[in-house]
Structures are given as structure tokens and as C-alpha cells.
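Welcome, and please have your viewer ready.

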Amino acid sequence: MTPTLARPNASSPHEPELEPLEHAYEPLGFVGSLGAAGIDLIVGARELYSVFVRTLHYVVRGRREKGAVIRQMYEIGNRSFLFLSITMGFIGMILVYQAGLQAKRIVPDFTLLGATFLELLVRDFAASLGALMLATRVGAGIAAEIGSMVVTEQIDALRMCAADPIDFLIKPRFLASIVMTLVLVVCAGAISFVAGGLTANIAFDVPLRTFFNHELVDFGDMAIGLTKCLAYGAAIPIVSGYCGLSTFGGSEGVGWATTRAVVNTSLAIIILNFFISGAGFLVFPG
Amino acid sequence: MITFAGVSKSFRPSGGGRPNHVLRDVSFRVPQGCLYGLIGPGASGKSVLLKLIVGLIKPSAGHIEVDGQDVVTSSELELQRMRLKIGMLFQNNALFDHLTVAENIAFPLRRLTTLSDDAIKLRVDERLAHVAMTGFDERMPSGLSGGQKKRIGVARATIAEASIVLYDEPAAGLDPVTSQKIFELLREEQHAAQATVVMVSSDLDRLLTVTDRVGMMYRGQLIFDGTTREAQESLEPRVKQFIHGLTEGPL
């Protein structure tokens with residue numbers, strides 16, 4: 001075969017007539033930047049939705065990897081338990097102390113302090129605050145792990161072996177996160193309540209028997225709390241997994257993906273909280 | 001056979017800006033059973049070209065065919081089926097951090113075939129022996145040297161006896177002796193399997209001893225496509241300068 005030159009008409013052998021490559025970023029105007037950010041946001045939202053739908057698809061029809069979900073349950077659950085217990089314990093103490101101080105000023109009656117605190121925990125705080133803590137620990141971990149797999153071409157290697165990264169990486173984390181978020185929130189909520197009870201007892205002389213009162217907690221509170229646990233448990237791996245998969249560049253990209261994962265997951269939790277709480281007040285008023 | 005016809009690829013920077021044209025109007029053909037060497041300066045689009053072959057990224061324009069299958073219009077499911085017959089060694093080896101050496105090598109067989117565990121283990125042992133890594137099966141990738149990782153990468157790329165194998169910088173960062181061994185190993189593999197091979201490498205001295213044909217990329221364009229001898233004897237200034245490592249010239 002004869003050699004073929006793609007540019008045989010180069011005028012001078014030392015000056016190849018190639019157009020310069022546009023490697024540099026051209027600065028956009030304000031409107032251009034705003035438009036680009038808007039397009040990125042829409043594309044990102046669509047891709048996030050696609051990750052969610054594909055995860056659900058693989059939950060039903062994906063390949064079962066032996067031990068993958070259990071391994072992730074250990075990663076998410078066991079390794080977060082101490083962190084979540086300590087933070088929720090302290091939050092319980094702070095909330096009860098502050099609430100007690102306010103109550104003391106207005107109606108110096110602490111009989112319903114424990115009951116209202118428990119209702120607040122079950123309906124909202126245990127799930128929301130616990131999930132925010134999990135977002136920082138678990139979400140960052142997922143994004144960093146998947147992001148580093150992207151930059152080291154491990155994701156491409158997975159795809160070469162007919163393993164969809166959503167099926168292989170995100171699905172087990174999704175299932176494990178739903179289960180372990182529920183378990184962790186229940187445990188951390190209980191620790192928070194006990195810590196709050198001890199604080200009320202020491203700071204305001206509220207008897208423990210009076211504080212540990214579940215009269216105000218009804219089915220609606222439990223249903224809303226449970227729904228939040230499931231929604232947050234699903235959101236953390238989906239959002240942080242998406243941030244990890246959209247990593248570009250090298251270690252700087254992984255750092256950026258991790259930051260985005262924490263910010264976006266926290267944002268998702270707060271937005272979900274708003275909508276679930278709103279729906280909860282409509283379905284279970286009072 | 002691999003065919004590229006007028007293939008271009010651009011990446012749009014996130015946050016706006018002009019697209020980065022990585023490949024421009026690339027056309028070439030790799031015949032069945034050929035060992036094709038792809039050379040060129042850094043950032044000339046070689047790795048992108050490999051990923052286009054297997055459909056890991058889609059071209060902005062042009063037509064790509066692998067053994068008669070249109071890669072551009074194929075669905076992800078069709079591409080997955082096509083990848084059954086393609087092995088790939090990545091530039092960074094891309095060994096899975098959380099799997100042992102044996103699990104890494106067995107991974108394509110576990111995903112792509114219905115072989116029993118015993119059959120897979122036999123095949124893994126045979127591959128490990130072939131790349132002179134017997135006894136390393138339970139080690140983790142983090143405990144391996146660069147050369148050892150490359151060998152495991154080669155073992156994984158060739159375990160499914162693919163009819164097309166792509167190697168991205170198989171000897172990058174290795175000492176000369178290990179590099180030579182890797183190239184000889186790859187040549188043996190190609191001869192044994194009669195596979196079509198596309199190999200990207202900056203180690204021209206060794207690469208040109210094993211290739212049948214050579215293509216040279218420069219700033220996103222394929223500026224040369226011919227036999228190895230033609231490449232070595234080429235008077236095209238950029239090809240000549242690059243192959244002979246001259247400091248004077250247009251590059």
C-alpha cells in the first residue's frame with residue numbers, strides 16, 4: 001500500500017497549514033454566561049433524572065452482584081453510626097436546652113417538652129438533620145470514589161466489560177443507602193431524644209418519666225418521617241453518584257465533584273423536605 | 001476491520017466558550033489481522049480516537065465501522081454486544097482498585113460470558129502465567145509496580161480472546177527492558193490470536209519493530225497513513241522529524 005498524506009497541499013514543509021486549535025476559553029459576556037449556566041442547569045437536571053430512572057430500572061432488571069449491597073450497607077451504615085450518633089446527640093441537647101429556655105420565659109411548664117420534641121424529631125428533625133449529616137459523609141465518599149474511577153478510566157473499563165456504571169456502582173449504593181438511612185435515622189433520633197431528656201432533667205429538673213412521652217406522635221408523623229427517610233436515602237447516592245460520574249479533569253475535578261456532591265445533596269434534602277412536609281400537612285393536618 | 005470516514009470530534013467546555021476540536025476529518029482503515037501503530041505528539045487526539053472505535057464517546061461528525069457494524073448509530077446495547085469482541089488496555093491501566101488481581105483479570109469473563117468459576121480460574125491462571133505474574137492473583141492493584149499493573153492490564157485486555165485489541169500507551173513509564181518485554185508480549189498475543197490491533201505509543205523505537213502499518217496524528221488530523229517501512233522512509237517533514245526524533249523541524 002502507498003502512504004497517504006492527509007494534507008498533501010501543505011505549501012511549505014516547515015509551515016503546515018493547519019488551523020489553530022481553540023484550546024483557550026473565550027470569555028463570554030454576562031448574558032452569554034447566564035445562558036450557558038442555564039443550559040448547563042437544564043442538561044444537568046435531565047442527566048440527573050436519567051440516572052434516577054436508570055437506577056430504578058436496574059433495581060428491577062439489573063444484574064445481582066454477590067455481596068455488593070451488603071458491602072455498601074457496611075460502608076454507609078457502620079462507618080457513619082458513630083458520627084451520626086454524636087452529632088444528633090449534641091443537636092438533641094442543644095434543641096431541648098434552647099426550647100426549655102424559651103418555654104421557661106413564656107409558660108414555665110415543661111410537661112409537654114419531651115412530647116413536642118419527640119413529635120418534631122419523628123416528623124422532621126431526625127430524618128432531615130440526620131440526612132444532612134449523611135450527605136456530608138456518605139455523599140462526599142460516593143462522589144470521590146466514582147470521580148476517581150472516572151479520571152483513572154475505570155468507568156470506561158467497566159463499560160468495555162458491558163457493565164453499566166449505574167448498575168454496577170450506583171444501584172448497590174442506592175439500595176444500601178435507603179435501608180441504612182432509615183436504620184441510622186431511627187437510631188440517631190433515639191439517641192437525640194435520650195440526650196434531650198437528660199438535658200431537660202439536668203437543666204430544668206424535668207423528670208425523665210415526664211419527658212419520655214409519646215402522646216403527640218401519631219400515624220401521620222410516623223408516615224411523614226418514614227417518607228423523608230426513604231426519599232433522602234434515595235437522593236444521597238443518586239445526586240452524589242451523578243456528581244461523581246460527571247467528573248472531568250484530574251484530581252482537581254475529583255475535588256470539585258466532591259464539593260458539588262455535598263452542596264447538591266444538601267440542597268436536594270432541603271427541597272425534598274419542603275415538598276414532603278407540605279404534602280404531609282395536606283394529607284395529615286394537625 | 002476498522003474504518004474511519006471523515007470523523008471529527010469536538011468537546012464543548014462546561015460553562016461556555018468555543019468548542020475544542022480534538023479530531024478533524026480523520027479517515028483511515030485498519031485491515032483484519034493488522035497491527036496498526038498510532039503515533040503523534042501529545043494531545044493530538046490518539047486516545048480519543050481509540051475511545052471512538054469502541055463507542056465510549058460519539059463523534060461530532062463522520063462514520064465509524066468496526067467489523068461491519070456502524071458504531072455511530074448503534075444503541076448502547078448494540079455497542080455492548082460489539083465490545084464482546086474488543087479488548088482494551090487503558091493508558092492508566094484502569095485496574096479496579098477494589099478487586100484483586102485475579103478478580104480484575106476475570107472481570108470481562110464474568111460479565112461477558114457464562115463460563116463456570118472453575119473455567120474462569122483456569123483461564124486467569126493461564127493469563128497470569130503468560131504475563132509472568134503467577135502468584136500475584138490475590139494481590140490488590142495498589143500493591144503493584146507500574147510494570148506489573150501494565151502486565152495485569154494486558155492480561156485483562158486479552159483474556160476474552162477478543163478479535164480486536166486496543167492498547168493505549170502500553171509501555172508508558174516503564175523501563176526499557178520491561179517495555180521491550182511488553183511489546184514482545186503484545187506481538188506474541190497478536191500473532192497467536194490473529195487479532196486486529198491498534199496500538200498508541202510514544203515509544204517509537206519499540207513500536208515500529210512490531211507494527212504492520214502506522215498512522216500519525218498531528219493537531220487532531222491524520223497526517224500520515226502507511227506501512228511501517230513507508231513511515232520510516234517518509235520525507236514528509238513532520239513524520240520524518242517525529243519518527244527520527246529530530247529537534248529541527250516543523251513540530
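**Stop one: a covered helix in chain B**

Select α3(B) and colour its buried residues: Val101(B), Ala102(B), Asn104(B), Ile105(B), Ala106(B), Phe107(B), Pro108(B), Leu109(B) and Leu112(B). Keep in mind as you look that this is a predicted model. The helix is mostly covered, with nine of its 12 residues buried. What do the buried residues of α3(B) pack against? Show α4 and α5 (146-158) of chain B, and you have the partners.

**Stop two: α3(B) against α4(B)**

Now keep α3 (residues 101-112) and α4 (residues 117-130) of chain B on screen; their axes come within 10 Å and cross at roughly 125 degrees. To see the contact itself, show side chains for Ala102(B), Ile105(B), Ala106(B), Leu109(B) and Arg110(B) on α3(B), then for Ile120(B), Arg123(B), Val124(B), Arg127(B) and Leu128(B) on α4(B). Coloured by type, the residues of this contact divide into seven nonpolar, no polar and three charged.

**Stop three: the nonpolar core**

Next, pick out Ala235(A), Ile53(B), Ile105(B), Leu166(B), Val198(B), Met199(B) and Met216(B), which touch the most other members of the largest nonpolar core, a set of 138 residues. Which element gives the most to this core? It is α3(A), with 19 residues.

Before moving there, centre on Ile53(B). Setting aside neighbours within four places in sequence, Ile53(B) is in contact with Ile2(B), Ile64(B), Val66(B), Leu166(B) and Val198(B).

**Stop four: chain A and its helix pair**

Switch to chain A, whose secondary structure comes to eight helices and zero strands. Of the 286 residues of chain A, 39% count as buried. Among its contacts between residues at least 6 apart in sequence, 87% join residues at least 24 apart.

Finish by selecting α3 (residues 113-151) and α8 (residues 251-283) of chain A: the two axes come within 8 Å and cross at roughly 150 degrees. That angle makes α3(A) roughly antiparallel to α8(A). The crossing of α3(A) and α8(A) is right-handed. Colour this contact by type too, and its residues divide into 13 nonpolar, 11 polar and one charged.

Notes:
Residues numbered from 1 in each chain as written. Chains lettered and ligands numbered in written order. Predicted model: local features only at pLDDT ≥ 70, side-chain atom pairs only at ≥ 80, totals over all residues. Axes fitted to C-alpha atoms, helices over the stretch in contact; angles between N-to-C directions. Helix = DSSP H or I, 4+ residues; strand = E, 2+ residues; numbered from the N terminus. Parallel < 35°, antiparallel > 145°, perpendicular 65-115°, else oblique. Left-handed = near helix turned anticlockwise from the far one by under 90°. Nonpolar A, V, L, I, M, F, W, Y, C, P; charged D, E, K, R; others polar. Core = buried A, V, L, I, M, F, W, Y, C linked by C-beta atoms within 7 Å. Buried ≥ 20, exposed ≤ 12 C-beta atoms within 10 Å, placed from the backbone. Contact = placed C-beta atoms within 7 Å.
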